[in-house]
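Me: Here is a structure I would like to go through. Take me through its side-chain contacts, then its sheet.

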Amino acid sequence: MNTAEVLGYDTQRIFDKITDKLSGWIDILVENLPNLALAIILLICTVFIAKTLKRLSATYIHKLGTNETISRFLSQLIFIAILIFGVMLALSVMDLSKTVSSILAGLGIIGLALGFAFQDTAANFISGVYITFNQPYKIGDIIKTHDGHEGSVIDINLRVTKIKTYNGPIAYIPNRYLFQECFTNFTEFAQRRVQIDCGVSYGEDLEFVEKVALESARNVSTRLKSEEPTLFWTGFGDSSINFTLNIWCKFEVPNLDFIAVRNEAIISLKKAFDKNDIMIPFPIRTLDFGIKGGVQLNKELASLTNTEEKGSSNNTNES
């Protein structure tokens, strides 16, 4: 007596059921083999057509004067739409219309669940769409983010914006931060003001200093000639009277003209001050001595010397 008989199973009956089921599946597969082959051919053609149209649409949309980022985004949408249409058409060829409806319903439920699970990703996607079409910045612009990342925009996709910083590393900024937070676009105006902070001694003639500083700024060859340099006194420092010298320059991609203007302006200002004996002071500290303060060092040393001399005289008399 075998195990199947002890447990009450009819193994032959179970085997027959499995065989019948497999035979039925094979019959269905053979019957639908032409539809399956047609569906596979449709999928292959769909992928080929989608890739071709994606490439062609990106080229022609860009030729129409559309921004490169927008043309890439639209071509990607065309690619995805054609793929979805091809998959649905292949399922319909295989008489799986009910399956198509079930898939669509399932995708809706899955999409709702994923929307709650990936809120940040969805926010980045929506922000990427807004940035792509509204274009507060574009590829090649110099921007500075809210948290201090500054550099040239090299790529904008639906999730992140890539910024190449001045030092070389690539910063990946989620689009939702650039959508929700403030940022600075230095390229949009195509001009930039370079500010040179400096200070002069309290003993200098400030009107003469201003004249010399502005003249040195006018001699900067890389500045924007249509805008006159300006100087603003900013206050009294610990050891100097401080001012800011403002010079305008062009700001066009990919040239960072403001760096050359700043370098030349600093050299020109230093040479002008040296030529006219205008002192840029080092930090100065005034030290007060004495119990109540206000006593100069030499008087404090003289007082200590006299005290020591009196002490020595008293010791000599006592001996």
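Me: Which residue lies over the face of Phe79?
Reply: This is a predicted model: local features need pLDDT of at least 70, side-chain atom pairs count only at pLDDT 80 or more, and totals for chains, interfaces and linings use all residues. Residues are numbered from 1 along each chain as its sequence is written, and side-chain values use heavy atoms, with hydrogens and water left out. A charge sits over a ring if NZ of Lys or CZ of Arg is within 6 Å of the ring centre and within 35 degrees of the ring normal. At 5.1 Å from the ring centre of Phe79 lies Lys54.

Me: How far from the ring centre of Tyr177 is Arg176?
Reply: Arg176 lies over the face of Tyr177. Its distance from that ring centre is 4.5 Å.

Me: How many aromatic pairs does a search of the whole structure find?
Reply: Rings of Phe, Tyr and Trp (its six-membered ring) pair if their centres lie within 6.5 Å; planes under 30 degrees apart count as stacked, over 60 as edge-to-face and the rest as tilted. The search of the whole structure gives 5.

Me: Why is the pair of Trp233 and Phe243 edge-to-face?
Reply: The ring centres of Trp233 and Phe243 are 5.3 Å apart. Trp233 is in strand S7 (residues 230-236) and Phe243 in strand S8 (residues 241-250), so the pair ties together parts 10 residues apart in sequence. Helices (H or I, at least four residues) and strands (E, at least two) are DSSP runs, numbered from the N terminus. The pair is edge-to-face because its planes stand at 70 degrees.

Me: Is Phe243 buried or exposed?
Reply: Buried means under 20% relative accessible area, exposed over 50%, partly exposed in between (1.4 Å probe, protein chains only). Trp233 is partly exposed at 29%. Phe243 has a relative accessible area of 1%, so Phe243 is buried.

Me: Which residues form one aromatic cluster?
Reply: The rings of Phe243 and Phe273 have centres 6.3 Å apart and planes at 70 degrees, so they too pair edge-to-face. This pair links distant parts of the chain, strand S8 and helix H9 (residues 257-275), 30 residues apart. The cluster is Trp233, Phe243 and Phe273.

Me: Which strands stand at the edges of the sheet?
Reply: The open sheet has 5 strands in the order S4-S3-S2-S1-S5, with antiparallel pairing. Two strands pair if DSSP finds at least two bridges between them. Each edge strand has a single partner, so one side is left without a neighbour in the sheet. They are S4 (170-174) and S5 (184-185).
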